[in-house]
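You asked for a quick read of this one before you dig in yourself.

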Amino acid sequence: TSNETPQSTGAALAGASGANTQPGKQVTIGFSAPAADHGWMAAMTKNARAQAEQFSDVTLKATEGTNDVNQQIAQVETLINDKVDVLVVLPFDGKALTEVGRQAMDAGIPVINVDRIFDTPLAYRTWIGGDNYRMGVNAGNYIAEQMKAKNIANPVIAEVAGIDALPLTQERSQGFKDALARSGFSVGPRVSAQFTSESGEQQTSNLLQGASRIDALWNHDDDQGIGVLAAIENANRSEFIMVGGAGSKNMMDRIKADSSVVKATVLYSPSMASSAIALARLLGQAKGIGDLAEHEIPALITTYSAVVTKDNVDQYMDVGFDS
Amino acid sequence: MVAPQRELTAQQGVGKAPPSPGERKWSGGLSFDVRLAGLLGVLLVLCAVGYATRPDSFLTEANISTMLRLAAAIGVVSVGMTFVIISGGIDLSVGSIVALSSVWMTTVATQSYGPAVMVLCALLVGLGCGLVNGLLISYGKIVPFIATLAMYASARGLAERLSGRRTQVVTETGFTTFFRGAFLGVPVLIWMLALVFAIGWVVLNRTTFGRRTFAVGGNAEAARLAGINVKRHTALVYGIAGLCCGIAALMVVARTTSGASTNGLFYELDAIAAVVIGGTLLSGGRGTLIGTLIGVLIFTVLNSIFTQNNLDTDIQNIAKGVIIIAAVLLQGITARRRRVLKT
Amino acid sequence: MVAPQRELTAQQGVGKAPPSPGERKWSGGLSFDVRLAGLLGVLLVLCAVGYATRPDSFLTEANISTMLRLAAAIGVVSVGMTFVIISGGIDLSVGSIVALSSVWMTTVATQSYGPAVMVLCALLVGLGCGLVNGLLISYGKIVPFIATLAMYASARGLAERLSGRRTQVVTETGFTTFFRGAFLGVPVLIWMLALVFAIGWVVLNRTTFGRRTFAVGGNAEAARLAGINVKRHTALVYGIAGLCCGIAALMVVARTTSGASTNGLFYELDAIAAVVIGGTLLSGGRGTLIGTLIGVLIFTVLNSIFTQNNLDTDIQNIAKGVIIIAAVLLQGITARRRRVLKT
Amino acid sequence: MSEPLLTMSGIVKTFPGVRALDGVDLEVREGEVHCLLGQNGAGKSTLIKVLAGAHQPDAGTITWRGAPAVLSSPVAALRLGVATMYQELDLVPGISVAENIFLGHERARFGFSRRGAMRQRAVGLMRRLGHPEIRPDREVGLLSAAGQQLVSMARALVHDARLIVMDEPTAALASDEVDNLFRIVGELTAAGVAVVYISHRLEEIRRIGSRVTVLKDGRTVASGLPADTPTNELVDLMSGRKVEAVFPVRQASTADERREVLVVRGLTRHGEFRDVSFTVHAGEIFGIAGLVGSGRSEVLETVFGARKPDAGSVTVDGRALRPGSVADAVRAGIGLAPEERKSQGLLLELPVAHNVTLASLPAYSRAGFTDRARELRDSRATLERLDLRPADPRRLVGTFSGGNQQKAVVARWLVRGCRVLLLDEPTRGVDVGARAELYRLIHELAAEGVAVVLVSSEVPEVLGLADRVLVLREGEVAAQRPAAELTEAAVLDIVMEGSAVSEIADVTEEAV
Ligand SMILES: Nc1ncnc2c1ncn2[C@@H]1O[C@H](COP(=O)(O)OP(=O)(O)OP(=O)(O)O)[C@@H](O)[C@H]1O
Ligand SMILES: Nc1ncnc2c1ncn2[C@@H]1O[C@H](COP(=O)(O)OP(=O)(O)OP(=O)(O)O)[C@@H](O)[C@H]1O
Ligand SMILES: [Mg+2]
Ligand SMILES: [Mg+2]
C-alpha cells in the first residue's frame, strides 16, 4: 500500500487502492490497546482512530487503554459480547491475551493482532507488527559500522532501554547485544527507563555520571529520548553518537538538523496501527490487498525497522510520530 | 483524652464536633446501614446509566458475567485489604504478591507437578509473603507503610528474576479447564469471588478472630491490655491478605492462562480505593466487607460503562475523578437526608 | 487524655507498653534527635557504599550535583507532602498535578507569553489543583484519600487532553537558560530546592500557621475548640502542597526541556515514602522537614548507586526492599542503643 | 445580690436517639463557684459544651450580663469571656506546653511566632499554678495526666475570662493537687471571676462550692441550692433513690482467706519503682495508696505483664509468671482494669457489648464463632447492674458520658471472672450512686474468693474497701498495714513524708 497521507491529521495513514477505495459494507471494528501512557502508544491509538475516520464504512469501538491484562481481557470480552465484526488487539502481553483472542476467533470474529504477538496462530487471523529483535540488530549494526569507521578499537557502548519487564525490551536488547557481538563489541553501561521523558532524563543523568567517556549510546525509544537528550545537554557531553528508536518526528528533525549527538533512529513505526485498521476493514468486507496476487490477506505482516539517518530522513518524515 | 475521630467514612468532618452519623449503633452484622444504602444507591445509578446508554448490551448476562469475572481478582484482594485496614494497617504490596504468586505457580518446575501443586504453590507463596509483612510489622516494629513498600519492590523484583521477565504460559490444561469452567452455569471465578467474600464476612463478623481484628485496629493498647496477642494477630491479618493475593493470582492466571511479573499492577491502589469508598476507615477499627464489595463493583461498572461507550482515555480519567467525588458527595447527602427524616 | 501515641516513628510499637518516660522523647524543632541521627547514619552508610563501589565517580562534584538535581523535584513535592501528612491528611495527586502543571506551562499558547508567564502558569495551576483538593476535603468533607485519588485521575486526564499526549518541547530559550543555569557555581535547581526547604522549615517551625498545622493533625477537635478555623487551615495546607507541585513542575520541565502528561509518575509513592522514612507519622501531628530531606536523599543516593554499578532492574527492586527494611531496623537499633547509653 | 453573669434557660440538645438536654436552666453569678451535680449521663458535659460554643443547642436562650448572647463557636464564647476545661482533655500531644496554652490565639508578629513572649507567659502561669517544674518547651504528650490537667488549667487562665468552666478537673488528681487547684479557684473567685464546677466528689463541693444546680436526665431538678445541702438530699435529687451507706458492710468470705493467690517479690523497674513486694490472699481486697506519680499504675501494669520488670517475680497460685507477658498473666487468671479509659481501655467505635466481652471472647465463642445472643444477654445484665445509661449494649461506647464509659471498662472484668483482679482507679468519674454499686460488686467478687488489688487516689475509698493497704511513695513501699490500723490523716502523713513538693509532671527536669 502506498503512503499518501493528509498531513493535517498528524497521523501516518494507509490509503486504499484500486477497488478497495469504494465504500463497501459497514464494518464495526473493535480496538483494544494498552494505556496510551507514552508517545508511541498514544500514536498507535491516535493512528487507529484517524485511519477509521478515513473510511466512511468503518465504525471504530476503541476501549480505554489499560496495562492490566486482566482488565484488557474484560474489554476484549466486552467487544466480543458487543458482536463487533473485526477485532484489532494490541495486547499488553501477547501470551496473556491469547485465550481471549482465541475466544473471539471461536466466536467467528477475525482478530488482527498488532505488535505483541499471541501465543498461537489460532488466536489471530492476521498479525501485523514490528520486529523488536531486528530493531536491536539494526541499531547495533549501525553503531558497529560507525565505530569501525571512526577506528575506535574498544568502544564504550551505552544503552538506555525501555521498561525492563516487557518482553519487547528484552528482544531489543538481545538483538543489540548480538549485533554488537558480531563485530566483537559489547554493551557497557545500561539503564532502563519507563518510556517517559522524565525517566529518560533521570536514568541517563545517572548513567552519564557513572561513565566518564562513552562512544555510542542507543536509546530504545524516542519518547524518552527527549529526556535522554536533555540529560546529555545538562551534562555537557557530546563525545559520542546517539541512536534513537521508534522514530518520532522530533528525533527526525534533530537528525535532519544534525546539530546534536543524535545521528540516527531505528524505526518501529506506529503506522502499523493505521495498517491494522485498513486490514480490518478489508477483512470485514472480505476483500484482499489490491496489489497482491493473493485473494486473501496474509497471515503475518512484519514491518521493517529501517535505520533513519541524515541521508534518508526526508523519505521517512511522514511516518514520524508526535512524541 | 479522645483519640480524635478524624475520619468517619469516606465523607469526614474536618474540625466538626464529633460527628453523629445516623444512629450510632453497630452495623457490622447484616443490618443495613444508611451509608451502605447510599453506596448501593450510587451503584444502582451507575447501572442505570449503563443501561440507558447501552440498553442492548449492558445488562445482558454475558456482560454481567464479564464484569464479575473482571471484578473477581481485585475483589478477592480487597477482602484481604479490608482486614488489614480494619486492623489499623495498610498493605501496598498486594499487587506485587499477586505477580510473584502467579509467576511462581507457572514456572516449568511447578507446572510439572500438576494443577493441585500449582494451586498450593500460589496459596503458599501468597501466605508466605503476607506473613513476612506481618512479622516485619508486628515483631520488627516497622510501620506498615514502609514494610509493605519494601515488599512491593522486593516481591516484584523476585517475580521478574524468577520469570526472567518472560510471560509463562500454563501448559497444564487441567488447571485452565477447571478454573475457566463453570459450575451450575456460573463461572468458577465468580463462585470463588462469592465464596471468599462469604468466608471473609463470616470470619470478620461472626468469629473471635474478626472481633479481635476490630479491637486491634480500634485501640491496639486496649486490645493488648484485654489479653489479646496483638502482635500475633497483626501478623495473621497480613497473612490473610497475602493468602487472598495467592487466590487472586490463581484467578489472574486462569484468565490470562499465564503468569507474568507484570500482573497485578496498581492492585494496591484499586483495592485501597474500593475499601475506602466502601466506608472502611483508613485509621482502623471500623469497616464492612459489604461496603468493600460494593466499592469494587462501582469501579468495575464504571469501567464497563466507559468501555461500552467508547470514551477517549483522557476523558475517561477526568470523568472517573469527577464521578468518584460525585458518588461520595451523593452518599453524604442521602445519608444526611435520611437522618433528618428519621428524627 | 491525649490521643494514644501508637506510632512513634517508621518503627512502631504494635501493642508495646506505653513507652516509659525516658523513651518518650521527641523533638520537633531544631534540636537534634536520636532518630534523625540514625537516619543520617543510614545516609552516610549509603554514601560510603557508593564511594567504595565507585571511588572514581561517586563523590565527585558532578555526581553530587546530578544527584541533587534529580532530588530537586521530588524533594520539593515532599516538602508539601510533609505539611499535608503532619496535618493528618494524605495527597495522592501530587504526581498528576506535576504533570498537569508541566503540560499547561508548555502549551504553545503559554510559551508565547514568555518565561515569566510560564512560571506563573505552573505555580497557579499547582496552587489551584491543591486548593480544589483542600476545598473538597475540608468543606466537601471527603476523606483525603478519596478526594486526592479523584484528582489523581482527573488531573492526569486533563494533562493528556491538553497535550494530546504529546511531549511538548520548550522553545522559549529564556526559560531553559535560566533554570538550567547556575548561580555562584551551584545549579539553579539546587538553589530552588534549598530555598523551598528553608522556607518550608521556617513556616513549619517558626510561624503560627506551621504550629497550627501540628495542632490540626494532632487533635483536630482540640484545635477547633481552641478557635482555629480547621477547615480553612486544611484547605490551605493542600494549597501549599499544590504550589510545591507547581514548583516541581518547573524543575521537571527545566530538566527534560519538555512538558508531558507522563511527568511525575509515581511521585505520590516516592514522596510519601520519603516523608515516612523521615520519621513523620502517617497519623498526623508529628514530623520534621529535616527527616524528609534525608529521606529524599536516601532514595536518590540508592538510585545513583544502583545505576552506577550497572545493576539489573530486578536485582535493584529486590535490593531496594531489603535496604529499606535494613535502614529502618538500623535506625531503630541505634536509637535503642543511644537510649541505653543515656540512662 | 448583683445581676447574674450568665443565665441559660430551656436549653435543649438532642443527639441521634438521645435527648441529652431537655430544658435545662442555669444561673451563675459573678465571683461564685457554681457546682453542677448529676448522675453519669445527666447532661452536665453537654451543657457546658453548649456554654463553650462547642455544641449548638436545639432550643433555649442564653443571657450574658443581661444581654442575649449567641455562642455560635468556641471563639465566640472565648471572646465573651467564657473559658472551658473540658472533661476529656483537649490538648494536642505533639506540641509544647506553651504552644498548647496559646493555641488559637498565638502571639505573633507578621505571622511569625513570638516564642519568647509565649514561653515567658507560660512560665509565669505554671508558677502561679504552683508547678514551675513544668517547662514551657516540654511536649504535652510526655506529661502525666495531672501535668496535662495543669496545662489545661493554664490555658483557661491565659484568657482572663469572666467565667471558667471546669468539668471534673479533679478526676485525675490526688489530694495534694486538689488542694492546689482549690487555692487557684479561691484566687479566681476573689477577683470576681465565676467558676462552674463539676465533680462527683461531694466533699469537694462542700469545700469550695457557693451554690449547686442538680441535673437529672437532661433537666434541672434543683437550682441555687446552698452548698451545704445534706448529702442524702443531693443524692436523692440526682438519682431519685436513697443511697444508705457508701461503703457496704463486708460479708463473711466463704473462701479460704489464708491461701496466697498473688505473690509479688522484689518487683523493680528502673526509674519507676523499686523492690515492691506484697501478697494477696484469696478473697482479700488489697489497696494501694499514694500520690499521683508514685508508680502505682506502673506496678499494676508490671504485675499484669504489660511492662517488663527489671527485677522481681510475680507468682499466681504458686506458678511463676513469665515476665512481661500479658498472655501468661491472662492465662493465670489475672485481669487489669486500666487507668486511662480512652487510651488503654475502650474501643470507642465499637458497641458496649463488644467492649464488655473483649477480654472473655474465648468464653463467648464456640469453635471460634462468637455466641452473639449470649454476649448481648450477659452484657445487658451487667450494664443494668452497673446502672449504665442508656443500658443499650448495641450503642457505640464513644457516645456514652465519661462516667458511663468508666463503668464499661470495669464491666469487662466483671463478666470475665478472674482469680486476681487489678483495678486501677475504677471509680474515676463515676457518680455516687453507681459508686456504691461498684463497691458492692467488688465485695461480692472478694466473697467469691477473687483476690482484688485496688488502686485509688481517694484515700477514704481505699480505707473503706481494703483489708490491707500498701502505701507507695516515689516508687518505694512506704508502709504496708491492715486498713483498720490506718486513718486518712495517717495515710496522708506517710505519703507526704519527705516530699514537700510532689513531682507530678517531670522527674527528669529540675524539680523545685
Ligand atoms: N456525641 C454524642 N452522641 C450521642 N450521644 C451523646 C453524645 N454526647 C453525649 N451524648 C449522650 O448525652 C447524654 C449526656 O451526656 P453527658 O456527657 O453530658 O453526661 P454527663 O452528665 O457529663 O455525665 P458524666 O458524669 O458521666 O460525665 C448521655 O446519655 C450521652 O450518652
Ligand atoms: N508521661 C510521663 N512523663 C514523664 N514521667 C512520667 C509520665 N508518666 C509517669 N511518669 C513518671 O512515672 C512515675 C509513675 O507515674 P504514674 O503517674 O503512672 O504513677 P501513679 O501512682 O499510677 O499515678 P496515677 O494515679 O496518676 O496513675 C512517676 O515517677 C512519674 O513522674
Ligand atoms: Mg461529663
Ligand atoms: Mg495511676
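Predicted model: local features only at pLDDT ≥ 70, side-chain atom pairs only at ≥ 80, totals over all residues.

1. Start with the magnesium ion that is ligand 3. Which protein atoms hold it? They are OG of D:Ser45 and OE1 of D:Gln87, at 1.9 to 2.1 Å. D:Ser45 belongs to helix H1 (residues 44-51) of chain D, while D:Gln87 sits in the loop between strand E6 (82-85) and helix H3 (97-101) of that chain, so the pair ties together parts that are 42 residues apart in sequence. Are these two residues buried or exposed? Both D:Ser45 and D:Gln87 are buried.

2. Now look at ligand 1, where D:Ser45 turns up again. There are 21 residues around this ligand, and D:Ser45, D:Thr46, D:Thr399, D:Ser401 and D:Gly403 come nearest. D:Gln87 is back as well: one of its polar side-chain atoms is 3.1 Å from an oxygen atom of ligand 1. On its own, ligand 1 would expose 630 Å², and the protein buries 91% of that. Strand E2 (18-28), H1 and helix H14 (402-416) of chain D are the elements that give two or more residues to this shell.

3. What is the make-up of the shell around ligand 1 by class? Count five nonpolar, 13 polar and three charged residues.

4. The other magnesium ion is ligand 4. Its protein donors come from D:Ser297, through OG, and from D:Glu339, which is listed with two OE donors; they lie 1.7 to 2.7 Å from the ion. Where do these residues sit in chain D? D:Ser297 is in helix H9 (residues 296-303), and D:Glu339 is in the loop between strand E18 (334-337) and helix H11 (341-345), 42 residues apart. D:Ser297 and D:Glu339 are both buried.

5. Of the 16 residues around ligand 2, D:Leu142, D:Arg296, D:Ser297, D:Glu298 and D:Glu339 come nearest.

6. The polar contacts of ligand 2 are worth a look one by one. A polar side-chain atom of D:Glu339 is 2.4 Å from a ligand oxygen, and an N or O atom in the D:Ser297 side chain is 2.6 Å from a ligand oxygen. D:Ser294 uses a polar backbone atom instead, 3.2 Å from an oxygen of ligand 2. Taken alone, ligand 2 exposes 610 Å², of which the protein buries 92%. Its shell divides into six nonpolar, five polar and five charged residues.

7. Last, the cysteines. How many disulfides does the structure hold? Over all chains, zero. Take B:Cys129: the nearest cysteine sulfur belongs to B:Cys245 and is 8.4 Å away, whereas a disulfide needs the two sulfur atoms within 2.5 Å. B:Cys129 counts as buried because its relative accessibility is 9%, under the 20% cut-off. D:Cys418, at 11% relative accessibility, counts as buried too.

Technical notes. Residues numbered from 1 in each chain as written. Chains lettered and ligands numbered in written order. Heavy atoms only, no water. Buried < 20%, exposed > 50% of the residue type's maximum accessible area, 1.4 Å probe, protein only. Donors = N, O, S within 2.8 Å, 3.2 Å for Na, K, Ca; no water. Helix = DSSP H or I, 4+ residues; strand = E, 2+ residues; numbered from the N terminus. Near = heavy atom within 4 Å. Polar contact = N/O pair within 3.5 Å; in protein donor to acceptor, adjacent residues only side chain to side chain. Areas by Shrake-Rupley, 256 points an atom, 1.4 Å probe, with all protein chains shown as cover. Nonpolar A, V, L, I, M, F, W, Y, C, P; charged D, E, K, R; others polar.
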